[in-house]
Amino acid sequence: MYSLVALGFVLIYKASGVFNFAQGAMVFFAALTFVSLVERGVNFWLALVITVAVMVVLGISIEKVVLRPLVNQPPITLFMATIGLTFVLEGLSQLIWGSQPHLLELGIQDVPMEWLAQSTGMVISQTDVFAAGIAGILVAALALFFQYTRIGRALRAVADDHQAALAVGIPLKHIWAIVWAVAGIVALVAGLMWGARNGVQYALTFIALKALPVLILGGFESIPGAIVGGLIIGASEKLAEVYIGPMVGGGIESWFAYVIALLFLLVRPQGLFGEKIIDRV
Amino acid sequence: MLYREAGQFKSTYAEDQQIFPIRQDRVAVFLLLAVAFLVVPYVANQYWLSAILIPFLIFSLAALGLNILTGYAGQLSLGTAAFMAVGGFMTYNFVLRMAWLGIIPSFILAGICAAAVGIVFGLPSLRIKGFYLAVATLACQFFVLWAIQRIGWFMNYSPSGVITAQTIEILGYAFDTPAKKYLLTLAIVALLALLAKNLMRSETGRAFMAVRDMDVAASVIGIPMMKTKLLAFAISSFYCGIAGALYVFCYLGTVEPEAFTLDLSFRILFMIIIGGVGSILGSFLGAAFIILLPILLSVLTGAFTQATGIEPSHAVLSNLEVIIFGGLIIFFLIVEPHGLARLWQIAKEKLRLWPFPH
């Protein structure tokens, strides 16, 4: 589940070198838009299409309004701009749709699958399986997209070297717009999954913060890294809460992921699958 | 005309190295301080003192601390609120358990505690930079808050999860009214700002800037990386710790750990972005801006309500405020990445020639 959010981060970081702090807010915005549409009686699929359209437009306009003027600024400036963006999106979504929590019904019940529980003794919720499936499909689709389409190849070229990509005639501006649009769609998927699980509410924005250790663990540039990192963080967090938590008073879920990431950084600063960083200092 | 330095000659090294080399600046700063110390406490009313001026001074100090770390030494930190929390809660404990110390030593000790925490969480900065470091400081933010909430000792086992700051007393003199608290805060902030200004002009400050601008070059010319980075973390956390102590004792009075959330860290980060990264003056300007913005907005909406008769609901207002806030951050980054301090510099350049264009 964390992987889904982390995917959005990785996409944008890979293509434009921007660390998009607003991804969490985008997740929230997408889920809230979708839920509100459904609650107003819009057909499920129609709502989905509308939300995808909204997210694409949002992604492209973010790129145009916020990031285009900031090209060539140091990464830290861009990062701060996305923090500002987070505030705008959070305020905007609550201004438009109201701030009360919503329930999201995707038609899958959050109950353990009986046949699995009986045959193996494992208790796995249907939602989780579904989320895992969706994440898998999404990753496969993205991998195919990156590997085999013209745009995907252009994206990878841009990620490698902006100037070289420009020199061979890849339209940088279009590519960035596409990346932001795709990130918007990934945010929507993540928002739907999380929303189905916990309800659509303001707390959704905080999962973006949880995605940071995932990124560190997996490496900022790697899509498989995001998946594996998400699994490790998700599992270790829950295990630590259950096994270590009672010893120190509980509630360690809030910071345990960061500590894992921190320890990990000391050993392998580039993450599991990240590109090797060569540091001379 | 007014702002022209023609005719001011420097004949000694001491004169050449003054903090404010131009006479007009010196006069202005002295006037400002005199007004702040002598006039404001008598003129300003309760609301101005305790709702605007005291928080402004405290946030300026915190922004100053973050500016030392992020603006001068180039290490991005999202854990400012955690350092403030350490300062605030440790002062509470020092006053509670070692009352004989007195309040000022308690402040200083709490600042040192914050500095120690800062050093511990600054250790990863030796190996990582940029975003990775930001995440490391996020860990600090969450961990410190968790520790304060879960370990009863910090809050003296308060069942409600809230602590009430003791009255501030120095040599038997109680600082109990807003005006007195304001004076105390002002004195501490002025002193620490002066210290920071001088520190940043000294060898230490230059070392910070060298690390910020290019760490490889800095280490080649013999600046010890480890010492410099950890010192930056320590000094910055010390300032934030003192700011946190003042926040608890002079501003809030009654405080729970939730007062020091990530939001507070972000607010302080915004202060230095808007004010100017790497500028002492900028910390103050940014703090003033962020404190005054919500007040300005509420005044504006009040006028709007009177003019149109439509009363926007509270939720709409707070959301609007958030949107405007975020929008302004982006606007500032695009239009003036160096912040208000840079604008002031430009204004000074213009004033030198004004009103004659050449």
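Colleague: Helix α3 of chain A has 24 residues, so what span should we expect for it, and how far apart are its end C-alpha atoms?

Modeller: In this predicted model, helix α3 covers residues 44-67 of chain A, and at 1.5 Å a residue its 24 residues should span 34 Å.

Colleague: Which residues of α3(A) are buried?

Modeller: A residue counts as buried if 20 or more other C-beta atoms lie within 10 Å of its own. An α-helix has 3.6 residues a turn, so residues three or four places apart point the same way. In α3(A), the buried residues are Thr51(A), Met55(A), Leu58(A), Gly59(A), Ile62(A), Glu63(A), Val66(A) and Leu67(A).

Colleague: What pattern does chain A follow when read along the sequence?

Modeller: The secondary structure of chain A comes to 13 helices and zero strands, and 43% of its 281 residues count as buried. Among the contacts in chain A between residues at least 6 apart in sequence, 71% join residues at least 24 apart. Read along the sequence, the pattern is α-α-α-α-α-α-α-α-α-α-α-α-α.

Colleague: Which element gives the largest share of the side of chain A that touches chain B?

Modeller: Between the two chains, 41 residues of chain A are in contact with 35 residues of chain B. The elements that give two or more residues to this side of chain A are α4 (75-97), α10 (207-218) and α13 (253-267). By class, the residues of this side divide into 29 nonpolar, ten polar and two charged. The largest share, 17 residues, comes from α4(A).

Colleague: Is Ala81(A) buried or exposed?

Modeller: Ala81(A) is found in helix α4 of chain A, and, leaving aside its neighbours within four places in sequence, it is in contact with Val66(A), Leu70(A), Ile330(B) and Leu333(B). There are 29 other C-beta atoms within 10 Å of Ala81(A), and therefore this residue is buried.

Colleague: Which residues does Leu209(A) contact, leaving aside its neighbours within four places in sequence?

Modeller: Leu209(A) is found in helix α10 of chain A, and it is buried, with 20 other C-beta atoms within 10 Å. Its C-alpha atom is separated by 22 Å from that of Val242(A), which is 33 residues apart from it along the chain. With the neighbours within four places left aside, the contacts of Leu209(A) are Gly24(A) and Leu138(B).

Colleague: Turning to chain B, what does the globule rule give for its 358 residues, and what is its radius of gyration?

Modeller: The secondary structure of chain B comes to 14 helices and four strands, and buried residues make up 43% of its 358 residues. Along its principal axes, the C-alpha trace of chain B spans about 70 × 65 × 45 Å. The globule rule gives 21 Å for 358 residues, and chain B is as compact as a globular protein of that length, because its radius of gyration is close to that value, at 21 Å.

Colleague: How is α3(B) oriented relative to α11(B)?

Modeller: Helix α3 (residues 46-72) and helix α11 (residues 262-275) of chain B pack with their axes 9 Å apart, at an angle of about 75°. Among the residues that meet are Phe59(B) and Leu66(B) in α3(B), and Ile268(B) and Met271(B) in α11(B). Angles of 65 to 115 degrees count as roughly perpendicular. The angle of this pair therefore makes α3(B), relative to α11(B), roughly perpendicular.

Colleague: Is Ala187(B) buried or exposed?

Modeller: Ala187(B) is found in helix α7 (residues 178-201) of chain B, and its C-alpha atom is separated by 31 Å from that of Trp153(B), 34 residues apart along the chain. Because it has 12 C-beta neighbours inside 10 Å, Ala187(B) counts as exposed.

How values were computed
Residues are numbered from 1 along each chain as its sequence is written. Chains are lettered from A and ligands numbered from 1 in the order in which they are written. This is a predicted model: local features need pLDDT of at least 70, side-chain atom pairs count only at pLDDT 80 or more; totals for chains, interfaces and linings use all residues. Two residues are in contact if their C-beta atoms, placed from the backbone, lie within 7 Å. Ala, Val, Leu, Ile, Met, Phe, Trp, Tyr, Cys and Pro count as nonpolar, Asp, Glu, Lys and Arg as charged, and the others, Gly among them, as polar. The expected span of a helix is 1.5 Å times one less than its number of residues. Axes are lines fitted to C-alpha atoms, for helices over the stretch in contact, and angles run from 0 to 180 degrees between N-to-C directions. Angles under 35 degrees count as roughly parallel, over 145 as roughly antiparallel, 65 to 115 as roughly perpendicular and the rest as oblique. The radius of gyration is taken over C-alpha atoms; the globule rule is 2.2 Å times the number of residues to the power 0.38.
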